[in-house]
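This report describes a single protein chain with its ligand.

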Amino acid sequence: MLHILLERLRQGHRTVAFPREMPPLPPRYRGLPVLSDSPCATGCPSCAGVCPTGALGADEAGLFLDLGRCILCGACAAACPGRRVAFSQDHRLASSTRAGLVLRPGTRPTVTPLEPARLKLFSRSLRLRQISAGGCNACEADTNVLTTVVFDLGRFGIDFVASPRHADGVAVTGPVPQNMRAATLATFEAVPDPRVAIAIGACAISGGLFAGNPETTGGATPHLPVDLFIPGCPPHPLTILDGLLRLLGIKTP
Ligand code: SF4
């Protein structure tokens with residue numbers, strides 16, 4: 001017992017100070033894409049041509065990047081001769097709306113807290129059933145790590161539960177393949193009203209790398225009334241935590 005206590009003293013307090021303080025992110029961390037508003041060379045297809053998910057495009061309003069499809073691989077930034085696409089260290093990628101993930105120069109995704117009725121119910125206690133719907137386990141791992149001592153999700157009253165009957169909402173990961181579609185819908189239906197739906201990762205938002213494959217169904221977005229979209233492939237745990245907290249009206253850095 002003495003050894004355990006001494007070890008606890010030696011290790012000290014391991015939980016990150018977020019949201020009071022922003023923990024340092026590694027220099028190679030790739031966060032919110034930043035699009036420049038300087039015009040592209042006419043007909044230059046360099047960035048869109050290398051994008052593996054079709055997240056980048058241009059229309060009459062100019063260049064846009066769909067963060068819901070982006071896997072943050074960085075290939076576009078490397079390919080753009082005019083450096084019109086760059087990646088910041090900003091971890092705040094979540095959005096309340098799917099349309100809010102389509103970035104243009106000067107825009108960024110935003111999260112609106114739940115409306116007062118659900119906020120009152122869930123702001124101090126939110127239980128989620130995680131649905132791994134064909135995920136590769138990356139989004140699942142970065143969601144799971146939130147329950148460790150480092151992020152300590154429980155201090156915000158948020159936790160994951162085993163049964164949808166005990167949950168206030170679902171957190172979906174993966175592109176929802178055909179054979180998980182019915183299970184995803186049934187799990188959501190088993191959560192008592194009022195409830196929330198959260199899509200975590202590019203696959204759950206848009207199908208990600210698997211979008212358009214007939215074996216997948218485009219993630220959670222076509223099936224559920226998603227309240228929070230958390231992009232990434234996978235999203236950094238801080239991106240997930242930041243989105244969850246802002247959905248519950250908690251200020252983050
Ligand atoms: S970082 Fe995103 S937008 Fe850029 S090439 Fe990769 S997937 Fe496409």
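In helix α8 the buried residues are P237, L238, T239, I240, L241, D242, G243, L244, L245, R246 and L247. The model under discussion is a predicted one. Because 11 of the 11 residues of α8 (residues 237-247) are buried, this helix is largely enclosed by the rest of the structure. Its buried residues pack against the helices α4 (116-122) and α5 (138-144), and against the strands β6 (126-132), β7 (158-160), β9 and β10 (228-230). G249 follows α8 and has a positive phi, near 75°.

I250 belongs to the segment after α8. With a relative accessible area of 26%, I250 is partly exposed. Between I250 and P23 there are 227 residues of separation in sequence, and their C-alpha atoms are 17 Å apart in space.

Helix α1 (residues 2-11) is hardly covered, the count of buried residues among its 10 residues being zero. Just after α1, G12 adopts a positive phi of about 70°.

In soluble globular proteins, nonpolar side chains tend to be buried together. The largest nonpolar core in this model has 32 residues, of which L65, L67, V170, V172, A199 and L224 touch the most other members. At least two residues of this core are supplied by each of β3 (62-66), β8 (169-173), β9 (196-200) and α7 (202-206). Another core, of 29 residues, lies apart from it; Y29, V111, L153 and L245 are among its members.

Residues up to four places away in sequence being left out, V170 touches L128, R129, I131, T187, F188, V191, V196, A197, I198 and L224.

## Ligand surroundings

Around the ligand there are 13 residues, and C51, C70, C73, G74 and C76 come nearest. The shell around the ligand consists of 11 nonpolar residues and two polar ones, with no charged residue. The space that the ligand takes up is the largest cavity.

## Buried loop residues

T53 is located in the loop between α2 (46-50) and β2 (56-59). Its relative accessible area is 7%, so T53 is buried. Neighbours within four places in sequence aside, T53 is in contact with R69, C70, I71, G208 and L209. One of these contacts, C70, is also among the residues that come nearest to the ligand.

H91 is placed in the loop between β4 (85-87) and β5 (102-103). A relative accessibility of 4% means that H91 counts as buried. Not counting residues up to four places away in sequence, H91 touches F18, M22, L25, Y29, L238, T239, D242 and P253. Of these contacts, L238, T239 and D242 are among the buried residues of α8.

## Backbone geometry

L72 has a phi of about 55° and lies in the loop between β3 and α3 (75-79). With a relative accessible area of 12%, L72 is buried. D152, whose phi is near 50°, lies in the loop between α5 and β7. D152 is partly exposed, its relative accessible area being 30%.

Note on methods. Residues are numbered from 1 along each chain as its sequence is written. This is a predicted model: local features need pLDDT of at least 70, side-chain atom pairs count only at pLDDT 80 or more; totals for chains, interfaces and linings use all residues. Side-chain values use heavy atoms; hydrogens and water are left out. A residue is near a molecule or strand if one of its heavy atoms lies within 4 Å of it. On a 1 Å grid over the protein atoms alone, a cavity is a set of points where a 1.4 Å probe fits but cannot get out, and a pocket is an open set with protein on both sides within 12 Å along at least five of seven lines; lining residues have an atom within 4 Å of a point. A molecule sits in a cavity or pocket if more than half of its atoms lie within 2 Å of its grid points. Ala, Val, Leu, Ile, Met, Phe, Trp, Tyr, Cys and Pro count as nonpolar, Asp, Glu, Lys and Arg as charged, and the others, Gly among them, as polar. Helices (H or I, at least four residues) and strands (E, at least two) are DSSP runs, numbered from the N terminus. Buried means under 20% relative accessible area, exposed over 50%, partly exposed in between (1.4 Å probe, protein chains only). Contact means heavy atoms within 4.5 Å. A nonpolar core is a set of buried Ala, Val, Leu, Ile, Met, Phe, Trp, Tyr and Cys residues joined through side-chain atoms within 4.5 Å.
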